[in-house]
Amino acid sequence: MSYFEFLSVNSTRFIDGTLITAMQTVLAATLAIALALTTGLMRLAPNALIRGIATVYIEIFRGTSLLVQLYWIFFVLPLFGITLEKFTAGFVAVGMNLGAYGAELVRGAILSVPRGQWEAALALNMSPAKRMWRIILPQSLVIMLPPWGNLLIELLKGTALVSLISVADLMFEAKQINATTFLSAQAFGTALVVYYVMARFIITPFMRWLERATARKLGKA
Amino acid sequence: MFDWRWDFTAEILPRLIIATGNTLLAAGLGYAIAIVLGLILALAQRTPYRALTMTVREAVEFIRSTPLVLQIFFVFYVGPQFGVRLSPWVAGMIAIGLHYAAYLSEVYRGGLESVPKGQWEAATSLNLSTARTYFRIVIPQALPPSLAGMGNYLVGIFKDTPMLSVIGVAELMHTANAIGSESYRFLEPYTLVGVIFLMISLPSAALIRTFEAWVRRKLGMS
Amino acid sequence: MTEELSKYPLELTGGDVPMVRFKNVTKQYGDLVVLDSLNLDVAEGEMVAIIGPSGSGKTTVLRMLMTLETINGGVIYVDGQPLTHMHHHGRLVRASNRYLRQMRSNIGMCFQHFNLFPHMTALENCMEGPVHVLGLSKAEARERAENLLDLVGMSDKRDQHPSRLSGGQQQRVAIARAMAMRPKVMLFDEVTSALDPEVIGEVTNVIRKLVSEHNLTMLMVTHQMGFAKDISDRVCFFFDGKIEEQGAPDELFGNPKKERTQQFLSAVKEAV
């Protein structure tokens, strides 16, 4: 069977899998960004309890493996009465894992906004929330966007693990095709190329565009 | 309340501890491959041969942008298709070693680029050969700025070893899965795996920082 | 290129071979001509000071001699042999790496920013080349390095890393390191420019000592006009990639002929 025939026979499965991977990526990214912002800010809170909660979350999710977290959320969490459907468990695990890494980016970026900006905002008598939201966060956004680009590629790669709890993503379909055709190079090779295209030609250009747009908006371009 | 069974915990703990040894072995072997191969990938990108540098650059980008678990499957299953059977360990070490070699090559590249041009010029003026300049002059100076990144990826490779379970490497995750399917109990094995990972990865971050400071001192560069 | 090279001799012979000869040497970066068909002879044992405004190509002269820059036209001869070309079936062709390494052993260089190896002590810096390039035993290299560190007055700091040394001390170690290779030609590229004024003297004194005690051929790019006048046998004033004027130091500093030389020297004097 030529590679072209292989593709035309299996194209539906590859396309379906790619769509699921794309959905997992978008949902996990949304969760990761929300968690990163929340816990990254919590890490800077004056209240020790709030800081502590964020630290525990970050250390646990950064200190263990995504696969361990995924299995724990899918197999163990139901014992605590929280049963997540596999699709949900998948993006929740990926999002929580990458959110912990993102929190450190958020924290680092906020801390690297020059001191003068904090003082200037204080001098204008802005409330702490306003100061953060209007002055500090926009500036730290420019600083943290480039590393977020790398993190989102890690997140995309992370979604491949959801196939191990039978979410029918690209990785899962590749395994299925491999099992029925025994054409491993074609099955896994095609999936590798699709992941590469998503990372290099969708996520990376999108993040570059976002970086430029943000810089322009903040008058830094 | 969570139905945690301590007798079961005691029963499975020895198996998990033995598997931890395998996890550490896999991380260590994979890292050893990555450290050497990564240097080769980094140096290859500094040669004057454009075709070589571009090919290696693209290969590194490709490896970094695609999932490790898929690469593990690829290496494990593609061999037999062409008549080469790799054992799970060999396939796993190739895949994880190559994956982290790509990451480490980026760390090395940054380190190598941070060495001032004047160091090369001084080496030329002393007539040192290119190889000797790299090994005696440039790499020792590229090392300290690379250590933080190298340490991060050591912890990273350790945390990625559970993916080797998918092709049957008997590390921690694989053992926990086996226990789960034998006993239908997932709470203890999966939780213990998480705890073991935490117990190793949390202190190692601090250890790596200490080591980094020690190397800097050793090279007289602090 | 080969066409043009055929007019140059394969090597210099006869009674009066200069230690260094630049023959029609040209260097350009794209359209920018840094050195324009330079001709310069330096006799054995001669100390030539090169002065001129920045961008006049003076540092490029030294960097080409050290083979840190490629050459776009002409031929450089060192001790009668072509430096960046070699014989091939009776013609000159671009030198192989092996030939370059052989020729480079004639030349030593000190840099504006010292470029000491930061992870090696002063002594190790001076031993690196002798052990790993010249193939000396550790003991021989150590003895040579210690003698030279003594010469530059750095014996007591020989086990220090460069980060613990002042600029003047680092530059003196760098001189010892270059001398340890026993070059026939020494190049000093603005060796005092990065130094604080109060330590310039300790470096210039070492160079004075080398001039009086060793029969070395030296080329020195400098902004220290007084030092150049004191120490050199000849001064070359570079302007726009060419030697605008050259002569004995008393002559050139005391009675410059060309208008540009006069302008440069009076501008430098005003700055002091």
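Me: Which residue stands opposite Ala49(C) in E10(C)?

Reply: Strands of a sheet pair through backbone hydrogen bonds, either parallel or antiparallel. In this predicted model, where local features need pLDDT of at least 70, side-chain atom pairs count only at pLDDT 80 or more, and totals for chains, interfaces and linings use all residues, Ala49(C) stands opposite Met220(C) in E10(C). Residues are numbered from 1 along each chain as its sequence is written, while chains are lettered from A and ligands numbered from 1 in the order in which they are written.

Me: In what sense do strand E3 and strand E10 of chain C pair?

Reply: Two strands pair if DSSP finds at least two bridges between them, and strands (E, at least two residues) and helices (H or I, at least four) are DSSP runs numbered from the N terminus. Here E3 (residues 47-51) and E10 (residues 217-221) of chain C pair in the parallel sense, over four bridges. Both belong to an open sheet of six strands with mixed pairing, in the order E8-E9-E10-E3-E11-E12 (chain C), whose edge strands, E8 (107-110) and E12 (242-247), each pair on one side only.

Me: At what angle do helix H1 and helix H6 of chain A pack?

Reply: Axes are lines fitted to C-alpha atoms, for helices over the stretch in contact, and angles run from 0 to 180 degrees between N-to-C directions. H1 (residues 3-42) and H6 (residues 128-159) of chain A pack at about 130 degrees, with their axes 9 Å apart. That makes H1(A) oblique to H6(A), because angles under 35 degrees count as roughly parallel, over 145 as roughly antiparallel, 65 to 115 as roughly perpendicular and the rest as oblique.
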